[in-house]
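We will go from stop to stop, with a residue or two to pick at each.

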Amino acid sequence: GLTAAAALLCLPLAAGAAEHRKPGLWQITVDTSFTKGGPQIPPDQLAKMQQMGIKMPGMGGGPQTIQSCLTPEQAAKDDHPDSGRGDCQLQNENWSGNTFSADLVCHGREGDMHGHEQFTGSGGTSYSGVAHVEGNNPHLGGDFAMDNKISGQWQSADCGSVKPYTPRQ
């Protein structure tokens with residue numbers, strides 16, 4: 001659905017910061033704002049979603065918070081961001097101290113995206129950063145541009161019932 005399309009665009013961008021993260025349960029917060037385009041939802045449907053407590057990224061609903069499980073294997077390797085279809089690549093990756101930056105290029109069935117991200121980590125237990133993404137997606141009104149403020153905080157070594165993220169092929 002539309003919620004998934006918008007969320008998939010922004011949440012996995014934080015994976016670029018994965019190189020220095022501690023395995024386990026993470027809480028990730030994403031605050032999205034659209035400077036062009038945005039989720040295309042009829043007003044009546046949007047009102048119903050809001051009544052049910054569903055927040056849409058970039059539609060005045062405030063930051064989105066999710067729980068994410070990072071496996072030791074994912075923490076040990078350079079995880080690349082993914083829109084859920086394995087169609088994104090990082091280019092011009094650069095580590096400077098505990099700050100990571102890269103360009104993001106995605107080619108998907110629902111349109112192409114490109115952008116830039118920069119994250120700063122702290123001791124493997126937290127990170128924060130920004131990602132700017134532009135592209136074309138019918139679910140986001142055609143041409144779109146969005147800014148994401150993303151932060152992650154390590155919660156515990158045990159992920160409990162939260163399953164690790166695995167890209168769909």
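Buried means under 20% relative accessible area, exposed over 50%, and partly exposed in between (1.4 Å probe, protein chains only). Two notes on the source come next. This is a predicted model, in which local features need pLDDT of at least 70, side-chain atom pairs count only at pLDDT 80 or more, and totals for chains, interfaces and linings use all residues. Residues are numbered from 1 along each chain as its sequence is written, and side-chain values use heavy atoms, with hydrogens and water left out.

**Stop one: the aromatic rings**

A pair of aromatic rings is described by the distance of the centres and the angle of the planes. Rings of Phe, Tyr and Trp (its six-membered ring) pair if their centres lie within 6.5 Å; planes under 30 degrees apart count as stacked, over 60 as edge-to-face and the rest as tilted. How many aromatic pairs does the structure hold? There are 4 aromatic pairs.

Select tryptophan 26 and tyrosine 127. Their pair is tilted, with 5.6 Å centre to centre and 40° between the planes. Tryptophan 26 is in strand E1 (residues 24-36) and tyrosine 127 in strand E6 (residues 126-137), 101 residues apart. Strands (E, at least two residues) and helices (H or I, at least four) are DSSP runs, numbered from the N terminus. Are tryptophan 26 and tyrosine 127 buried or exposed? Both are buried.

Next, select phenylalanine 34 and phenylalanine 144. The ring centres are 6.5 Å apart and the planes lie at 65°, so this pair is edge-to-face. Phenylalanine 34 belongs to strand E1 and phenylalanine 144 to strand E7 (residues 142-156), so the pair ties together parts 110 residues apart in sequence. Phenylalanine 34 is buried at 16% relative accessible area. Phenylalanine 144 is buried too, at 2%.

**Stop two: a charge over a ring**

Pick lysine 22 and tryptophan 154. What sits over the ring of tryptophan 154? The charged end of lysine 22 does, 3.8 Å from the ring centre. A charge sits over a ring if NZ of Lys or CZ of Arg is within 6 Å of the ring centre and within 35 degrees of the ring normal.

**Stop three: two polar contacts**

A polar contact is a pair of N or O atoms within 3.5 Å; within protein, one must be able to donate a hydrogen and the other to accept it, and residues adjacent in sequence count only if both atoms are side-chain atoms.

Go to asparagine 148 in strand E7. Asparagine 148 is buried, at 1% relative accessibility. Its side chain makes a polar contact with the side chain of threonine 32 (2.8 Å). Show valine 30 as well: asparagine 148 and valine 30 are 118 residues apart in sequence, but 6.4 Å apart in space, C-alpha to C-alpha.

Move to threonine 99 in strand E4 (residues 99-108). Threonine 99 is buried, at 19%. A polar contact joins its side chain to that of threonine 120 (3.0 Å).

**Last stop: the disulfide**

A disulfide is a pair of cysteine sulfur atoms within 2.5 Å. The whole structure has 1 disulfide. Select cysteine 69 and cysteine 159, joined at 2.0 Å, S to S. Their link is right-handed, with 85° about the S-S bond. Cysteine 69 lies in strand E2 (residues 64-70) and cysteine 159 in the segment after E7, so the pair ties together parts 90 residues apart in sequence. Cysteine 69 is buried at 8% relative accessible area, and cysteine 159 is buried at 11%.
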